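Come along and read the entries beside the picture.

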Amino acid sequence: MSGAKRSRTMRRSNLRATSWGLLRSARNDDGETLDFSLTDTQKEIQSRAREFAQREVAPRAREADERREFPRHLVARMGELGFLAGPIAREYGGAAIDYTSFALVYEELGRADSSVRGFLAVHAGLVAMCINDWGTEEQKRKYLPRLARGEWIGCYCLTEPNAGSDAGSIETTAEERGDDFILNGEKIWITNGGIANLAIVFASRDRAARHKGICAFLVETDTPGFNREKMPGMELGHRASDHAHITFENCRVPKSALLGAPGAGFKVAMSALDHGRLGVAAGALGVAQACLDACVEFARTRKQFGQRIGNFEMIQQVLADMAADVDAARLLVYRAAWLKDQGERGTRETSIAKLFATEAATRAADQAVLLHGGRGYSNEFPVERFYRDIKGLQIYEGTSHIQRIVIARDLLGKE
Ligand code: CAA
C-alpha cells in the first residue's frame, strides 16, 4: 500500500473507531499529525465564497427579507462562481470541488443570508447531487449542465400535508399507464417550488408497500397537470425563500423520467437528504458564526455604566459559550464533509452535524438578540433575522427529533 493511501486508510479507521478521534488529539497512535488546516484550494474557495456573500448577498438580505422576494439575480452569479453544482464533475458542468470546500461555501452563505443558502442546499444538495448519484447518463447530460449554470432551477417534492417527518407515508400516487406514469397528489413547503424548472417528485405506485412502493421522477415544471402557488401565510423566517404548494392533477410523465429504479424512490430521497443536511448544518454554522461576530463587535463598542459592555463577566460568559459552540459545530460539520470526501455516506455524522450546529446556532441567535437589547429586537441589526431564520434550519430537511432518530438507530442497529 502506498504511504499516502495507508495514511488515508489509517486516518479513516481511526476516525471511525472513535468519533472523538478528531477532537481528542492532534496526533494519532502512530504519531502522525491529524491535519486541521484547509488546503490552498479550499482556502481559495472559502475566500471567493466569503467575498461574494459579504459583497453581494449580505447588503441586500434585509431588503429581500422585507420584500419577501427571492433575489433571483444571484442564481446566475452563483453559477459563474461554480457554486450551483460544486462537487459535480466538470463533464456535467460542475466545478469538481470537494465536499469540504462545498461546506465552506454553504457556511459563508449562511453567515450572510439563510434564504440564499437554503436555495443552494435544495438546488445543489437535494436536486443536482441526487441526479448525479442516481441519474442515467442521458438524464445527467440533459439536466446537470443547465442546473450548474443556473439556467434551470431545481426543487425537491417530498413533503405532503400528511407526510412530513414520516416521509415513507406519502399519499401522492404514480399510476402506471402504458409507457407513462400519471401523478396525482399534493406537496407542501417546497423550497424553490415557485421558480423551479425541474422537480424531483416522490410518488407511490403501491401505498400498501410503504417505502418500497415509492418512485422518484424528474418532472419538468411546465408539464400539464403540474400546478403551483405560493404557500399561504407569512413565515417566521426565510422570508426571501420561495416556498410553494404544488398539486399534481393527472400529470403525465414518461417512464424515462424515473430517477433510480421503480420502488427505489425512498432511498433516492434519503440519500439526497444526506447531501442536503450537510448544507443545512454548514449554513447553521454560518449563522452561529455571524451571531458571534455581531456580539463581539457590539460588546466592544456598546458602552454602558461608563465602559464597554464586553468588560462585564456576564457578557464574557455569553461570548465564550458561543465561541465554544461555534468551534464544536465547525469540527462536526467539517468532519461530515471530510467523510464524504473519503467516499463514505456519513449519514450518522451528517445528522450529528445538523443536530448540533442548528441547536448551537439557535442558542447563539437567542443570546445575540438579548445581548443587543432593544436593537436586537429590530431589523436594524441582522441578529433579528438570524433569530427568525434559524428555527427553519432546526425543522427542514429533518427536524432535530428526526436527526436524533437517525443517530440512535445507527447506534442501536435495526431490529
Ligand atoms: N440512504 C440510503 N438509504 C437509506 C437511508 C439513506 N440515508 N436512510 C434509510 N435508507 C433506507 C433504509 O436502509 C431502508 O432500506 P431497506 O428497506 O432496504 O432496509 C429504507 O430506506 C427505509 O428506512 P427506514 O426503515 O429507516 O424508514 P422510516 O420510514 O423508518 O424513516 C426516517 C426513517 C429517518 C424517519 C425518515 O423518514 C426521515 O428522514 N424523515 C424526515 C424526512 C425529511 O427530512 N423531510 C424533509 C423534507 S425535504 C425539505 O425539507 C426540503 C425543502 O424543500 C424545505
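**Entry 1: α11 and α12**

I began with helix α11 (residues 347-371), which packs against helix α12 (residues 383-395) at an angle of about 155 degrees, the axes lying 9 Å apart. That makes α11 roughly antiparallel to α12. I noted the terms as I went. Helices (H or I, at least four residues) and strands (E, at least two) are DSSP runs, numbered from the N terminus. Axes are lines fitted to C-alpha atoms, for helices over the stretch in contact, and angles run from 0 to 180 degrees between N-to-C directions. Angles under 35 degrees count as roughly parallel, over 145 as roughly antiparallel, 65 to 115 as roughly perpendicular and the rest as oblique.

I looked up the handedness too: α11 and α12 cross in a left-handed way, meaning the near helix is turned anticlockwise from the far one by less than a right angle (clockwise would be right-handed). Among the α11 residues that meet α12 are K354, T358 and E359, where contact means heavy atoms within 4.5 Å. By class, I found nine nonpolar, three polar and five charged residues in the contact of α11 with α12. Ala, Val, Leu, Ile, Met, Phe, Trp, Tyr, Cys and Pro count as nonpolar, Asp, Glu, Lys and Arg as charged, and the others, Gly among them, as polar.

I also wrote down that this is a predicted model: local features need pLDDT of at least 70, side-chain atom pairs count only at pLDDT 80 or more, and totals for chains, interfaces and linings use all residues. Residues are numbered from 1 along each chain as its sequence is written, and side-chain values use heavy atoms, with hydrogens and water left out.

**Entry 2: α11 and α13**

Next I followed α11 to helix α13 (residues 400-412), where the axes come within 9 Å and cross at roughly 145 degrees. This crossing is left-handed. On the α11 side I listed residues including T347, R348 and S351, and on the α13 side residues including S400, Q403 and R404. The contact of α11 with α13 has five nonpolar, five polar and five charged residues.

**Entry 3: α9 and α12**

Which residues of α9 and α12 make the contact between them? I first noted that helix α9 (residues 265-301) packs with α12 at about 155 degrees, with axes 11 Å apart. α9 and α12 are therefore roughly antiparallel, and their crossing is left-handed. The contact is made by V280, G283, A284, V287, A290, C291 and A294 of α9 with V383, F386, I390 and L393 of α12. I counted its classes as 10 nonpolar, one polar and no charged residues.
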